[in-house]
4 protein chains.
Amino acid sequence: MGGTQLLKHKTFAILGGDLRQAHMANMLAAEERGYRITGMYLDKDVKLSRKIHRSDDIRLTLPQSDVIIFPLPMLDADGFVNTPLSDVRLEPTDCLDYISNESIVLAGRVPPELARRFQEHGVTIEDYLEREEFAVLNAVPTAEGALEIALQEMPITLRGATCIVTGFGRVAKVLVRLLSAFGAQVKVVARKYGDLAWVSACGCEPVHISEMMEHLAGADVLFNTVPAVILDEDKLKKLGRDCLVIDLASKPGGVDFDTARNLGLKTIWALSLPGKVAPITAGEITLRTVNNILQEKGAL
Amino acid sequence: MGGTQLLKHKTFAILGGDLRQAHMANMLAAEERGYRITGMYLDKDVKLSRKIHRSDDIRLTLPQSDVIIFPLPMLDADGFVNTPLSDVRLEPTDCLDYISNESIVLAGRVPPELARRFQEHGVTIEDYLEREEFAVLNAVPTAEGALEIALQEMPITLRGATCIVTGFGRVAKVLVRLLSAFGAQVKVVARKYGDLAWVSACGCEPVHISEMMEHLAGADVLFNTVPAVILDEDKLKKLGRDCLVIDLASKPGGVDFDTARNLGLKTIWALSLPGKVAPITAGEITLRTVNNILQEKGAL
Amino acid sequence: MGGTQLLKHKTFAILGGDLRQAHMANMLAAEERGYRITGMYLDKDVKLSRKIHRSDDIRLTLPQSDVIIFPLPMLDADGFVNTPLSDVRLEPTDCLDYISNESIVLAGRVPPELARRFQEHGVTIEDYLEREEFAVLNAVPTAEGALEIALQEMPITLRGATCIVTGFGRVAKVLVRLLSAFGAQVKVVARKYGDLAWVSACGCEPVHISEMMEHLAGADVLFNTVPAVILDEDKLKKLGRDCLVIDLASKPGGVDFDTARNLGLKTIWALSLPGKVAPITAGEITLRTVNNILQEKGAL
Amino acid sequence: MGGTQLLKHKTFAILGGDLRQAHMANMLAAEERGYRITGMYLDKDVKLSRKIHRSDDIRLTLPQSDVIIFPLPMLDADGFVNTPLSDVRLEPTDCLDYISNESIVLAGRVPPELARRFQEHGVTIEDYLEREEFAVLNAVPTAEGALEIALQEMPITLRGATCIVTGFGRVAKVLVRLLSAFGAQVKVVARKYGDLAWVSACGCEPVHISEMMEHLAGADVLFNTVPAVILDEDKLKKLGRDCLVIDLASKPGGVDFDTARNLGLKTIWALSLPGKVAPITAGEITLRTVNNILQEKGAL
């Protein structure tokens, strides 16, 4: 995305998260722009560059950090800051006490209540998960991860396989292009005529959602990208018993999993693929998005 | 797009236009759904199916037509109905007198004033040029036409050529995919980070518009898709003298043509490519869009 | 490959082998051409169609079989017929006693000594492993399997990854096309100028083997397809420590595995991928090849 | 193909030919390796670099040239050296008198009789047309030229068009890949099972030549690459009247042109496309091949 010419002498705190955050810190350090980078709560199974300072002391580190980057998701299931590579449990509001309202704070999937709480103290959290380019760039590792699953689980080659993709958002667009390159027969189910026209322009077979039922029987694999249960009992029954179902949709997912199990269908609900299948790339994507945000803020 | 199951015994008037309208009439007739189809002002250089009735008499034909399809553009430069395959000159408002307000009227690029005039008589004109799927589907013949020009004009193969595409709308998306398939080096200039991320996901090189100047010198061909003069004197001067410029943007176009000529740059302003390079496909696209409109209206 | 119109009332014995043989039997049965098909030594973990007769008695079955299909490889490591889905141990020469010299006998990877032995009894074994189309068709599951490994093992996306492929035979040709579709940077190392020209025509970067050393440092993954140890200590040392090495070459392989291990390089020697990653497709490929052989013999 | 590091202080004579030879001379000069390059009989419509010496005097120039490059074809229809950019008529044997047998002489399509004549004087002509890499590299401009014709002549888009390609040599392989990228339905007619397997692996539909007749009716365009009249009257009659036939085969071509004309089929015999549609690339290909020859001879 061209040069990301950050100003010198900025201080960064990269706090919590998994391998993605660690890789992001390493990549930022490797760019050698003269930043002071501190990695926090990134302890286990991780090789941080020697250029990165380490600290778990929010009282010392946060007040002097120009940019503070929380992980995606920002919080774990218990409401603490998401720090899977550390044994420390950290309240997000404890951090708040040490963050200057001149700092730029970034995080992924910020609960609205928490955002409001920070806002009351004059601290705006930029949620990079909301950025269009973040979603687009992550469509690539998600689609590659979906292909990895299909290649592993299917007893036939993708070349010649009949693939149904439901939905035609970002992930579906990348996935469909790759499936076509493998020589699969690709059908895409969508509702909008504009989307169906795109499917057609991409050389795949468009199927209006009202005609979906008639296309299920011949599928070797079905990738769902629609976050609503469109694969209900009626539809699942139409699928062949050997059809693999890969659900890429976030909660609640697009499959009636209980029924699928009862029917003996192999169903895989694949969530958060970028961090799992390509953590380094996922870290790079976060860094690129962070850079864009900082540039728009004139902070670079 | 699945079957387009129209009801039987409908009457269609397909009025004016070029080969696209004629092909649309032929395709509609070939579907054999029992419609009565009348072709109007489609006389020259055209083979209409024998299943199509012919009439140039709007008084007889329009009142009994359930669906009336005007061409794209609806009017010619002088404000008459656009009838290039006929010598008749027809005032659009003359038609109005014979159109029942129970008829469905479709046309492409309808002047707002005319639309209002029809509306006052209870006749709504559906402008199919406004439909998303129409634009998407036409991106394919437009991109193929742009490639045809590039292949004709360039003394080198597209394989290995450095191509710059400005803008990343529908046409650019299709064009970029084809250029990549040829093995060209493709750079795409855009403004939005989300678009640049897509460029990246497609395996091409994203260039933010602020950095465009630095990439111009090495281009073998530049395709503009932005309908604003972004190729001004400063930018044109950066292009090599052998660089071909193909402007796909509608008026005012994206190139300062006078300056380009003075600089000795070969510049081609390619407008309305679908009708020129693939009239049969263009007619098919119109028919498909018309079908979608009729289906949404419950008219089929 | 068009219709494979076999004559009716032929008798087939499909003997031994793994899932591929079983799937081949099922597919042949599904074609419903009126053959009598007997599956032999296909007992474990396998669902044979009810249209297939079962017998483990070579004395009864072989003499009356027009076509006898042994597996790939024909023999196991101990020199018995390769029957992994059965507990029976079967001497190949025991079969010979019951095979009419009017039968057509097919097998994969037939030891020359055994072929000669059969020949002495008037029985020619057709080795389908030697067929060009068998090798070409198997290049697809092999390349897909190689991609599956790369997707599993690499912490980055293939999009944007630098991939080196050594050799430019059948598997490499398919693999390179897929890697390019993923948006990888693909370099192919070959010796012949004709091959390097093909690499170039495919939009990849050709590297003459004499210049290979200079390209190793930047690789994220290296796929070897050359069945000779070209990745010796000098070359392995040039690779980055995070570079994944996938060796697709048959014995002796193309990598000095001991040195690779000492250097801490992750190296995967992936043999016989089609049967492992896509047994149904592999069975279909065998069937198609068998059909071609039978057609050339006028047996169909 | 990596750097082509030629030794310094070599002298080259580039003699006759069309724009391709001129471009080759310019590219060789642009590499700035310290050669003395003389362009001969390259006068009309041509911009030679100022680094290139000009001479039409074979007595002075040839004896002191280390490398002498004749054009493709070496001779014109009248048996003179092919010099379309000059008014001079030059007997090839006149040149022979001034060529040292220490010079390296290259030419394209050398008549055997002439080669023998030169050989008698101790001068071996290297025919670069015979080189595998020359043929492969030229398959790209040939395929692009074929697409240019198809795009110009067809009233429908390639996307969705049914294309038949006869033969599966170099040009066909490149062409098929591009047609597939356009989203065409591609069928390839071949005789060998190995070729048909490749077609299948490329995601296209293989058609054995014995079943060709049944596939002709639905074609929108047919590209022939087989240099034998396979499109005889019976086959031509099966094609639809709107089917475009593009014959890429060298003499005698693959089409019964008289019958095609009588049937009203649009048939285009496209010969020598690289020099016509992409002369600069064609010159670059010749230069690359010449470099390979010189390197193999240890002359560089």
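H5(C) passes H6(C) in a right-handed crossing, where a crossing is left-handed if the near helix is turned anticlockwise from the far one by less than a right angle, and right-handed if clockwise. The model is predicted: local features need pLDDT of at least 70 and side-chain atom pairs count only at pLDDT 80 or more, while totals for chains, interfaces and linings use all residues. Residues are numbered from 1 along each chain as its sequence is written, and chains are lettered from A and ligands numbered from 1 in the order in which they are written.

**Packing of H5(C) and H6(C)**

- The axes of H5(C) and H6(C) come within 8 Å and cross at roughly 50°; axes are lines fitted to C-alpha atoms, for helices over the stretch in contact, and angles run from 0 to 180 degrees between N-to-C directions.
- The two helices, H5(C) and H6(C), are therefore oblique to each other (angles under 35 degrees count as roughly parallel, over 145 as roughly antiparallel, 65 to 115 as roughly perpendicular and the rest as oblique).
- On H5(C), the contact is made by C:Ala135, C:Val136, C:Ala139, C:Val140, C:Thr142, C:Ala143, C:Ala146 and C:Leu147; on H6(C), it is made by C:Arg170, C:Val171, C:Val174, C:Leu175 and C:Leu178.
- Two residues are in contact if their C-beta atoms, placed from the backbone, lie within 7 Å.
- The contact of H5(C) with H6(C) has 11 nonpolar, one polar and one charged residues (Ala, Val, Leu, Ile, Met, Phe, Trp, Tyr, Cys and Pro count as nonpolar, Asp, Glu, Lys and Arg as charged, and the others, Gly among them, as polar).

**Chain C against chain A**

- Chain C contributes 20 residues to this contact, and chain A contributes 20 residues.
- On the side of chain C that touches chain A, helix H5 (132–153), helix H6 (170–182) and helix H11 (279–296) of chain C each supply at least two residues; helices (H or I, at least four residues) and strands (E, at least two) are DSSP runs, numbered from the N terminus.
- H5(C) gives the most to that side, with seven residues.
- The side of chain C that touches chain A has 14 nonpolar, three polar and three charged residues.
- The same surface serves both copies, as 100% of the contact residues of chain C recur in chain A.

**Chain C against chain D**

- In this pair, 21 residues of chain C are in contact with 21 residues of chain D.
- H5, helix H7 (193–201) and strand E9 (205–208) of chain C give two or more residues each to the side that touches chain D, and H7(C) provides the largest share, seven residues.
- This side of chain C divides into 13 nonpolar, five polar and three charged residues.
- Chain C can be laid on chain D with an RMSD of 0.0 Å by a turn of 180° and a shift of 0.0 Å along the axis; the two copies are thus related as by a two-fold rotation axis.
- C:Arg177 comes closest to the rotation axis of the residues of chain C, at 5.0 Å (C-alpha).

Key. Copies are superposed by least squares on the C-alpha atoms of residues with pLDDT of at least 70 in both.
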